[in-house]
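Here's a quick tour for anyone meeting this structure for the first time. Have a look at it before reading on.

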Amino acid sequence: MDKKRLVVIGNGMAPGRVLERLFEAAPDLYDVTIFNAEPRVNYDRIMLSPVLSGEKTYDDIIIHDETWYADREITLHRGKRVDEIDREQKRVVAADGTAAEYDTLLIATGSNPFVIPVPGHDLPGVVTYRDLEDVEAMIAAAKPGGRRAVVIGGGLLGLEAAAGLAARGMAVTVVHLADTLMERQLDPAAGYLLEKEVASRGITILTKANTEKILGDEHVTAVALKDGTTVLADLVVMAVGIRPAAALAKAAGLDVGRGIIVDDGLRTSDPSIFAVGECVEHRGACYGLVAPLYEMASVIADQLAGGNREYAGSVTSTKLKVTGIDLFSAGDFAEGDDREDIVLRDAALGVYKRVVLSENRVKGVVLYGDTADGAWYFQMLKDGTDVTELRDTLIFGQQYSGGAQLDPTAAVAALPADAEICGCNGICKSRIVDAIGEKSLKTIADVRTHTKASASCGSCTGLVEQLLTLTLGDAYNPLAVEPMCGCTNLGHDDVRRLIKVKGLKTIPAVMQELEWSTANGCAKCRPALNYYLVCDWPDEYADDYQSRFINERAHANIQKDGTYSVVPRMWGGQTSSKELRAIADVVDKYDIPTVKVTGGQRIDMLGIQKEDLPAVWADLGKAGFVSGHAYAKGLRTVKTCVGTDWCRFGTQDSTGLGVRIEKFMWGSWTPAKVKMGVSGCPRNCAEATCKDVGVVCVDSGYEIHYAGAAGLDIKGTEVLCIVKTEDEALETIVALVQMYREQGRYLERIYKWARRIGYDEVKRQIADDPARRKYYFDRFVFSQRFAQVDPWAERVEARENPAALPQQHAEYRPLADLSIREAAE
Amino acid sequence: MVPVGRLDDIVPLSGRCVKTAGGEIGVFRTADNRVFAIENRCPHKGGPLSEGIVHGTSVTCPLHNMVISLSSGAIEGPEEGGVKTIPCEVREGVIFLGLPAQKAA
């Protein structure tokens, strides 16, 4: 079957979405040719504000890259503006003469920014805010910092432009005609809060300000207002609205009102021509927000694929994409006799919520400061839900309504299948849930990749995470969003990131800067923070012993009766008669009740009184023993077999490698304990394939294993790579552990960390990228300079010289012993 | 009241134990230099509370993470129960405990 020819005029988000949906539904139906007046691929226009403010780059906001077009064999004419549609011949012609014939034509010419025709509007330095060229012009104007910008228009676009320019260092004035900002979307109260917030960022707001003319000779110098005020300006941004771009359609003889008039099937007055997006007028309405455009796009894709879906118009909602301002509005909130208002204000928190009801149905909603329930109200508004039952608690949001439970996923569970989750990309709940099931998605990143939900502005990330939780249950790792503990709302990853970004180097600094809700944390967060700081600032951070668990403070393992156990280090599990004799002597001298061989090839002495610990260590130290760190979230043991030294099957010196690894890595702190093993041949006597990190020696070299578990969970290791030499094996293992040290969450074992970030990612960074591997290796080596101090020797020294190390001395002694005195009395 | 040591002998946000004929007492110093004394035996499984992590005016037991209020001796959370508190004060940098046996002496 011959493919039909589809020609598209325009390459913005709306036609991009049409094609995406069309190729999903009917990949082989059309040969597609696109004419794009802009010289580029399809990018996310609603993300221009973050590009302007510098939070994103152009590359970040590309929706379809070159490959996407190539894979679908789409002809994309870039930088070619169509200036004629010949409906008789069914062909379009671009300005440079490029022509294409169509069976079906899709017009998506979008809109043009409205320029107020005041004197001076065409001066250099006056720009609109519409596409990437405008953004580039604005960024260029902002470059020598501290220059002045005037934004005409205090609506959505104008405020985003103002915030972006302010972020670029310009002094910005917003000139707005109405009494309050965003008056079409906000009521005066929310407009006031918004004005206060915007002003607090150093942006000057002039309301009731009517522009008379723009001044300047060769370049703009100022804006003159009708009330006589003059505002100096090096850059003027006009952001006063948009007009559908319908001239081309009009010239072709199609019916045009404000925009190109379409029916419910989104066909124009010529049945072989569709129109979509901002250029369209449907039932008298024109739309400038992305959600309705995407709704239209789905309908057209369905029509093109032979379906008969229809478009019934859209109810729109608005969000402001300025970092730190939470604002949501939808529907109509004009006052009237049949209207009732429910209002909640919390001045201290800067929260304002207003829900407008008519006949017990939501007609409008304005949320400022707390927009979490926006989607919920919006859904009820679109559905015309009767809220009589909910009225009493409606304003408090979904969690409190109808006596509902505080489980946050309950709210999302209650949403209907067609509820919109991602407004930017028009993704509804069922689409996300289906994708999670069909494609076995596990993470937010997966969902973004496969559905685009939460991939744009990200404000629906929370909802998407809840859908993951709902759909996957325990299989979704809720730690991704779970706060570290009750003292903060931040998760481990955010805390780790912020420690580095903000250069926080003490626990009090972390708690202050990240707004901990408790004075000095709790037993959950303090040890985690102490580890993160030790790991990130090895040379600068002073270890806080009061934030370590008793085992790491006492350098021994507390037992159920309050006594301790002591495990000296035996490198690679090897010992000697001298060492064994010293252990025997210590056991006798201190009357140690139990001696036990451990799973990590060490000897454990159990039942030692705390006060005896320094003396026990002093005796062990004389025989050359150091701490075995059997109590540490750190490197514990490297278990080995006898390898080529003795074994008739051994392929490499496994004992030697084990000792070498242990001597290199002892003393390092890690998110959770790290146990290793080195086996001399695949018979694997050292059981290396269930360790955190393992090596299996083979004739040709060393198989590096990791992410095994043999505790609460049982899991065989993953093979990271095979290397040829001992040196390479050491470098690989050290780099792997350092990557884990820098990324792992406190108490998260290697196998959980690796599963969370992906085995491919570990392989990419450690096995496949020598520079990256070296980077991690060097950082570990640096950190070890401060970590390889034997804590036992230090405490033995304190025992001999209490004045020099009072704290280490005091740690093992009671504050006072009154029992003897009392007994004597 | 019996002197048991100096305030400086206890690092802020930590505890130390005092042995008496009637059992151990945990003495704790908070970040804002207040001192509390409680029975040094967790009501859960008898863990030595003076070895726990101190936060706010609470201590978390080192054995099973039971959280005990230093001021009231009560378990924080849904469980019932608690430990005895011991009268305690700091005068001129010296910590005094109110011990019944010593009062008699």
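## Before you start

This is a predicted model: local features need pLDDT of at least 70, side-chain atom pairs count only at pLDDT 80 or more, and totals for chains, interfaces and linings use all residues. Residues are numbered from 1 along each chain as its sequence is written, while chains are lettered from A and ligands numbered from 1 in the order in which they are written.

## Chain A

Chain A has 28 helices and 39 strands (DSSP runs numbered from the N terminus: H or I of at least four residues for helices, E of at least two for strands). Of its 825 residues, 45% count as buried, meaning 20 or more other C-beta atoms, placed from the backbone, lie within 10 Å of a residue's own.

## Where the chains touch

On chain B, 29 residues are in contact with 25 residues of chain A (C-beta atoms, placed from the backbone, within 7 Å). Strands E1 (2-6), E2 (14-20) and E5 (53-55) of chain B each give two or more residues to that side, and E2(B) gives the most, with 6 residues.

Five strands line up in an open, mixed sheet, in the order E39(A)-E2(B)-E3(B)-E4(B)-E8(B); strands pair if DSSP finds at least two bridges between them. The edges are E39 of chain A and E8 (85-86) of chain B.

E39 (residues 816-817) of chain A runs parallel to E2(B), over 2 bridges, with A:Ala816 partnered by B:Val18. E4 (residues 35-39) of chain B and E8(B) are antiparallel, also with 2 bridges, and here B:Ala37 has B:Ile86 as its bridge partner.

Methods
Two residues are in contact if their C-beta atoms, placed from the backbone, lie within 7 Å. A residue is buried if 20 or more other C-beta atoms lie within 10 Å of its own, exposed if 12 or fewer, and partly exposed in between; C-beta atoms are placed from the backbone.
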